[in-house]
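Subject: structure handover

Hi,

Here is the structure I promised to pass on. My notes on what turned up follow right below it.

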Amino acid sequence: MCGIISYIGNKQALPILLEGLKTLEYRGYDSAGVSLICDKQLQTQKVSGKIAVLESKLQSQCFESHIGIAHTRWATHGSPVEANAHPHNSFDNKISVVHNGIIENYAALKAKLESQGIVFNSETDTEVISHLIALFYKGDIKSAVFQAISKLEGAFGIAVLCEDEPGVLIGARRGSPLILGIGDDNDFYLASDVSAIINHTQKVIYLDDNDIVVIQNKNYELLNLNQQRVQREIQELEFDVESVSKGGFPHFMLKEIFEQPESLENTMRGRLLLAEGNAKLSGLDANIKELRAINRIIIIGCGTSFYAGMVGEYMIEALAGIPVEVEYASEFRYRNPIIAPGTLVLAISQSGETADTLSALKEAQHKGATVLGICNAVGSSIARYSDGGVYLHAGPEIGVASTKAFTSQVTVLAMISLLLGRQRHISFEKGINIAKALSELPILVKRTLSLSKQIEEIASHFVNAKNFLYLGRHYNYPVAMEGALKLKEISYIHAEGYPAAEMKHGPIALIDEDMPVVVVAPKDALFEKIISNVREIKARGGRIIAITTEQNTELNEYADHVILVPKTLSMLMPIITSVPLQLLAYHIAVLRGNNVDQPRNLAKSVTVE
């Protein structure tokens, strides 16, 4: 959740670090700081609050330096005050460390260090790292870092400076992402996210767990815990500076909502076999025979990815006839899951770094399952640890509330369902119809986006609402859950999503004139069922926002507001119906004056449990 950017090279470090910190703001943070070595002296400045506050403090000082580390922090250990902000310096003020992750044995390490007379200045687990390194330092910072790491339990991505060795920058990773960026002019970068360095280089190395990188003398070496050299592939980033800018939109979230026609095209490009009524996913080629033999699928994910998995459950069971369970990744490994031979696990994560999902993935593999990853970030941990998988190719998603990643996740699950279905039950003709409907989605989503002004006007009626209820059936029940999550995330209005039929089993007691109800009700086989729920809501004075398909006028009598969206196959309607819910949440949040790109208390990539 926190962000790291570090630099060593020929340029002035501070402007690069501040620029990188600003790029990392979208991840969510409550404090920020930098350390540089200036005239062979370690200089550290940190603040509670926004990067603008840090920048303002730094303006009154002169930092001439070609090496530095910087950090945005989202509080885990300790409150969001300046003392707990990173970087954390050692007791002798010679070592400075930035850290993402959680040191699980920090309390024991802290007690031991305090028994040796070391005084702690913060409540954080990170501070033990800087003190440990200083304790082991005998003139060789590389050796000290290795010794300190050997004492740590838990997850970390760190960058380390030493005042006595001003030409050395060290990074290490275990369970928390860290990337080495390689510039064209003997410049090197360490970052937790490629967006922080995209302005400076397209060449990166994704560090593996227990990798340590030592940068000095205009070169770098990668080592394992035994100090043996390891080789990692240099990769070219898929996106550029323009893709991580707002492009004229007021917020990244709105830009990403409107990018969905393009992101869906990119997700499907080269994968849909229209003439064969099938899908070809190269990331699954190595497992294609194994896929024929699977008899059970478990889908794991968190938040929005979990709801995408719920849609996938319905699609796979309908097309392939394979039993599917969807599990919260955060709970999966704590209940000793039963994984029999023939079980396939699909791990879904936009960032590919979600700690709970990564842990669940490893538990599934430990129990013998084949694990396929579905993620957006090339080179991410889930992509590398999976046995195979599919990239979304949705492009960078900067807004904390996921939008285009959700629709791309559902699209990938639809293609997997088509592939599995064609292996088993569905006919060539049905495969053709599904593939054709998938190919038409970008056009249909573009038409749906034209409703933004209408939805903004609807949003103006509900700005002051305290609660919302979202209802849907079958494929659109997960959409109701996802719509409620979007509203909660960015507007801070309490909202709940339910299967429409469950309304009678409790939630109906909440309905009155102060309870807006969003009903996702496309004209499909279950429409007559859901319209009876709508009548019940209307009879109790509920204010209804109905999302239904074009040409359907049956809801006009009951709904206060009707949003008409294009019709497609029932299994693909969630990709269409989720878009108005994204826009509704966005417009309500903006009208309430909220920062939709950086909602309070949230982070884009949850890299700690």
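Let me start with an open sheet of five strands, ordered E23-E22-E24-E25-E26 and paired in parallel. Strands and helices here are DSSP runs numbered from the N terminus (E, at least two residues, for strands; H or I, at least four, for helices), and two strands pair if DSSP finds at least two bridges between them. Strand E23 (494–499) and strand E26 (561–565) sit at the edges with a single partner strand each, so one side of each has no neighbour in the sheet. On average, neighbouring strands of this sheet are turned by 15 degrees against each other, direction ignored. For angles, axes are lines fitted to C-alpha atoms (for helices, over the stretch in contact), and values run from 0 to 180 degrees between N-to-C directions.

Within that sheet, strand E22 (residues 467–472) pairs with E23 in the parallel sense over six bridges, and Leu-471 stands opposite Tyr-498 in E23. Two helices pack on it. Helix H15 (residues 452–459) touches strand E25 (543–549) and E26, and its direction makes about 160 degrees with that of E26. Helix H17 (residues 527–539) touches E22, strand E24 (516–520) and E25, with its direction at about 170 degrees to that of E24. Contact means heavy atoms within 4.5 Å.

Before you read on, two caveats. This is a predicted model, in which local features need pLDDT of at least 70 and side-chain atom pairs count only at pLDDT 80 or more, while totals for chains, interfaces and linings use all residues. Residues are numbered from 1 along each chain as its sequence is written, and side-chain values use heavy atoms, with hydrogens and water left out.

There is also an open antiparallel sheet, this one of six strands in the order E5-E6-E7-E8-E12-E13. Its edge strands are strand E5 (88–89) and strand E13 (219–223), each pairing on one side only. Inside it, strand E8 (residues 169–174) and strand E12 (residues 211–216) pair antiparallel over five bridges, with Ala-172 opposite Ile-212 in E12. Helix H4 (residues 127–136) lies across E5, strand E6 (95–100) and strand E7 (156–162), at about 145 degrees to E6.

Elsewhere, strand E17 (residues 296–301) and strand E18 (residues 324–328) run parallel and are joined by five bridges; Ile-299 has Val-326 as its bridge partner in E18. Together with helix H9 (residues 304–320), E17 and E18 make a right-handed β-α-β unit. Right-handed means that, with the strands pointing away from the viewer, the path from the first strand over the helix to the second runs clockwise.

On to charges. The whole structure holds 24 salt bridges, where a salt bridge is a side-chain nitrogen of Lys or Arg within 4 Å of a carboxyl oxygen of Asp or Glu. One of them joins Lys-11 and Asp-187 (2.3 Å, N to O). That pair links distant parts of the chain, 176 residues apart: Lys-11 is in the loop between strand E1 (3–8) and helix H1 (13–23), and Asp-187 is in the loop between strand E9 (179–182) and strand E10 (188–191). Lys-11 is partly exposed at 36% relative accessibility, whereas Asp-187 is buried at 1% (buried is under 20% relative accessible area, exposed over 50%, partly exposed in between, with a 1.4 Å probe and protein chains only).

Lys-22 and Glu-55 meet as well (3.1 Å, N to O). Lys-22 lies in H1 and Glu-55 in helix H2 (residues 51–59), so this bridge ties together parts 33 residues apart in sequence. Lys-523 is in the loop between E24 and H17 and Glu-554 in the loop between E25 and E26, so parts 31 residues apart are tied together. Asp-208, Asp-211, Arg-232 and Arg-384 are linked in a network of salt bridges.

What about disulfides (cysteine sulfur atoms within 2.5 Å)? A search of the whole structure gives zero. For Cys-375, the closest cysteine sulfur is in Cys-302, 14 Å away and too far for a bond. Cys-375 is buried, at 1% relative accessibility, and Cys-38 is buried at 7%.

Cheers

Notes
A disulfide is a pair of cysteine sulfur atoms within 2.5 Å.
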